[in-house]
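Subject: Structure for your review

Dear colleague,

Please find below the structure that I am handing over to you.

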Amino acid sequence: MNTNEIIYPIKDVLPNGIISIKLPEVQLGSRDSISLGPKTEMLYAKDLLTVIESPSMGCSVMEMNSSTYHFELNHDEVNYVIEGSLTIITAGRSRTIRAGEVCFIPKGSKGSYIAEKNVRFLSVSYAEKWE
């Protein structure tokens, strides 16, 4: 049995490198949490791909609830909102993306993600090579 199957049964890795993940089954919990300051402000994130599986792209499921997360990107990023809505503020402008919508944020961007309520989104990042 593949160790990946024991640790991550929702992920199927084929010998040719193709990976499929049962996204609705990805559950985020306390060990996936990142404190954003006040106790109630949390970002939950789970990496879906390892650096070995994908040395140039990252893919994570993220959740926020009534929180703000400040970012400074050293990579390009695409976010797809699965549930809820996410407001992104960068360069003094804001854009709200809702369930079913996609947003691209270029490398070098600084700003904030704001979740008024619960939001679940998929974040895909391209960094040429992770450092």
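The notes below set out what was found in this structure.

This is a predicted model, so to speak of its basis: local features need pLDDT of at least 70, side-chain atom pairs count only at pLDDT 80 or more, and totals for chains, interfaces and linings use all residues. Residues are numbered from 1 along each chain as its sequence is written, and side-chain values use heavy atoms, with hydrogens and water left out.

Confidence

The protein chain has a mean pLDDT (the predictor's confidence in each residue, from 0 to 100) of 86, and 87% of its residues reach 70 or more. Over residues 1-7, pLDDT stays under 50, and the model has five contacts for them beyond four places in sequence; a contact means heavy atoms within 4.5 Å. Where pLDDT is low, the predicted coordinates should not be read in detail.

Overall architecture

Helices (H or I, at least four residues) and strands (E, at least two) are DSSP runs, numbered from the N terminus. Of the contacts in the protein chain with a separation of 6 or more, 62% are between residues 24 or more positions apart. Of the 131 residues, 35% are buried, that is, under 20% relative accessible area with a 1.4 Å probe, protein chains only.

Aromatic residues

Three aromatic pairs are found in the whole structure; rings of Phe, Tyr and Trp (its six-membered ring) pair if their centres lie within 6.5 Å, with planes under 30 degrees apart counted as stacked, over 60 as edge-to-face and the rest as tilted. The ring centres of Phe71 and Tyr113 are 4.7 Å apart with planes at 35 degrees, so this pair is tilted. Phe71 lies in strand 5 (residues 57-72) and Tyr113 in strand 10 (residues 110-126), so that the pair links parts of the chain 42 residues apart. Tyr113 also forms an edge-to-face pair with Phe121, at 5.8 Å centre to centre and 65 degrees between the planes. Phe71 and Tyr113 are both buried, and Phe121 is buried too. Together with Tyr69, these residues form one aromatic cluster.

Ser60

Strand 5 also holds Ser60, which is buried at a relative accessible area of 11%. The side chains of Ser60 and Asp47 are joined by a polar contact of 2.8 Å. Beyond four places in sequence, the contacts of Ser60 include Lys46, Leu48, Phe121 and Leu122.

Yours sincerely

Key: Buried < 20%, exposed > 50% of the residue type's maximum accessible area, 1.4 Å probe, protein only. Polar contact = N/O pair within 3.5 Å; in protein donor to acceptor, adjacent residues only side chain to side chain.
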